[in-house]
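Welcome! Please take a look at the sequence and the structure before reading on.

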Amino acid sequence: MSRNFMSLLLAIALCSALAASAQATVITGSYQLNAAYTVFNSDLLQTISGLGVATTGDFTASGAYTGEPALRDGTFSSADCDTTNFAAGGSPSAGSAVTYTLGAGQYGLGYDITEINTYTGWNQGRCGQAYDVSVHLLGSPAGIFVPLASVSYYRNAWDSFPNVPCVSMRVQLSPDVPGGNLAVGVDQVKFDNFLDGGPYSAWWMSYRELDVSGTPTIPEPSTLVLLATGLIGLLCYAWRKRK
Ligand SMILES: [Ca+2]
């Protein structure tokens, strides 16, 4: 193997190691009046068969809410954020949590998380968002989670939106590098420390959807290069032997 080729391999390995290093999470909040957001129906929470769901606390609030399953049903219509349609959402009580177990994924390495979107909606702006989100990395000790973000996004509902029948809010968590990942090799995503109410959201916060987007983690390029190098070596050996 030539020296130049070895240098190339080293450079590729270094680049892939740098690419895999941790990235910061960018939190972007927005809101709309009298309009719903289009939520994802092809995100991980909706497409992984056998998704594990574990909740603590109460996601049904007054009892009129459907509870946690409504947070991953792919629907958020304008009707979902008026005051009459409680049942379409989940309203976590203070300190409640939901942990989604994604599993090991197609390549047995967990999942790359590319984006997380959370939505609230109700009338008169009672739709602030406050929670923490963290991830568990495949192979790390059970119960050890890596923090991704602490969200606290409010508008002063009663002052800003008197008599507005529908206000919807979206919080987007994205990597600080376009096309990057929030985390790599993830097998669990946890939303916890939900704040119930808060200064600008009256009593409840009505969450309408939690979207976790990503793809199965694939072997790193350096691993693939090593495999390819081995294959080329074998072919060369076979070719020389034939000669
Ligand atoms: Ca969804």
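Two residues are in contact if their C-beta atoms, placed from the backbone, lie within 7 Å. By that rule, and leaving aside residues up to four places away in sequence, valine 26 touches Ser174 and Asp176. Please keep in mind that this is a predicted model.

**A closer look at valine 26**
- You will find valine 26 in strand 1, which covers residues 25-33.
- Valine 26 counts as partly exposed because it has 13 C-beta neighbours inside 10 Å, and partly exposed is the class between exposed, at 12 or fewer, and buried, at 20 or more.
- From C-alpha to C-alpha, valine 26 is 9.6 Å from leucine 148, although 122 residues separate them in sequence.

**The chain as a whole**
- The protein chain holds 4 helices and 9 strands.
- Starting at the N terminus, its elements follow the order α-β-α-β-β-β-β-β-α-β-β-β-α.
- The protein chain has 243 residues, and 35% of them count as buried.
- Among contacts with a separation of 6 or more, 83% join residues 24 or more positions apart.

- Mean pLDDT for the protein chain is 80, with 70% of the residues reaching 70 or more.
- Confidence is highest in helix 2 (residues 44-47), at a mean of 98, and lowest in helix 1 (residues 3-19), at 48.
- The pLDDT is below 50 over residues 9-21, a stretch that has 10 contacts in the model beyond near neighbours in sequence.

Notes
Residues numbered from 1 in each chain as written. Predicted model: local features only at pLDDT ≥ 70, side-chain atom pairs only at ≥ 80, totals over all residues. Helix = DSSP H or I, 4+ residues; strand = E, 2+ residues; numbered from the N terminus. pLDDT = per-residue confidence, 0-100.
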